[in-house]
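The sequence and the structure come first.

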Amino acid sequence: MTHKSKVFTGIIVGTLFIIVAVGSQAAAVSATTVADPARGEAVMELGGEAGRGLLVRFEILPRPVKALSDLVLVVNLSRAGRALVDAEVQVDLTMPAMFMGKNRPVLKHVGEGRYEGKAVLPRCMSGDKRWQAEILVKEGSGEARALFPFELP
Ligand SMILES: [Cu+2]
């Protein structure tokens, strides 16, 4: 490892530590993605009037995530450490590069802020593996959105 890359790694580790430290005290980070939801739980906090600090945790199961197989979309919602149990949650699955048909499963609340729904991704004839999932969270009249890009393995 060069000196430069050591310093860079130090900065990244330091930044992650700050994010974790702030997160555990109920969160001031805004719109931060920390993972690909096809590879693990991705986390994003939504700011602004619609988000108001909504913490969205999202993952796609089972892994490895494959086209043409039964997938489960899992979204966990909380705000300031409290589960959000009465939202309407939908996931809009699209490819950034092309139209792949409308694919917008509705998730059901299964308890304690956890929402689940089923989905199948069509196979992409172009060979492109890049998808994105936009989580749409309706609370009363407001709607917050969290966009998670992911890539099929
Ligand atoms: Cu495609």
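Which residues in the largest nonpolar core touch the most other members? Of its 31 residues, they are Leu54, Val56, Val75, Leu77, Ala133 and Ile135, a nonpolar core being a set of buried Ala, Val, Leu, Ile, Met, Phe, Trp, Tyr and Cys residues joined through C-beta atoms within 7 Å. Six strands, β1 (42-46), β2 (54-61), β3 (71-79), β5 (88-94), β8 (130-139) and β9 (142-151), each supply at least two residues of this core, and β2 gives the most, with 5 residues.

The model is predicted, with local features needing pLDDT of at least 70 and side-chain atom pairs counting only at pLDDT 80 or more, whereas totals for chains, interfaces and linings use all residues. Residues are numbered from 1 along each chain as its sequence is written.

The protein chain has 2 helices and 9 strands (DSSP runs numbered from the N terminus, H or I of at least four residues for helices and E of at least two for strands), and its elements run α-β-α-β-β-β-β-β-β-β-β from the N terminus on.

Leaving aside neighbours within four places in sequence, valine 56 is in contact (C-beta atoms, placed from the backbone, within 7 Å) with Met44, Leu46, Val75, Leu77, Ile135 and Ala146.

| Strands | Sense | Bridges |
|---|---|---|
| β3 and β7 (residues 114-119) | antiparallel | 6 bridges |
| β6 (residues 106-111) and β7 | antiparallel | 3 bridges |

Valine 72 stands opposite lysine 118 in β7, while lysine 108 has glutamate 116 in β7 as its bridge partner. The hairpin of β6 and β7 has 2 residues between the strands, and in this hairpin glutamate 112 takes a positive phi near 55°.

Conventions
Buried ≥ 20, exposed ≤ 12 C-beta atoms within 10 Å, placed from the backbone. Contact = placed C-beta atoms within 7 Å. Pairing = 2+ DSSP bridges.
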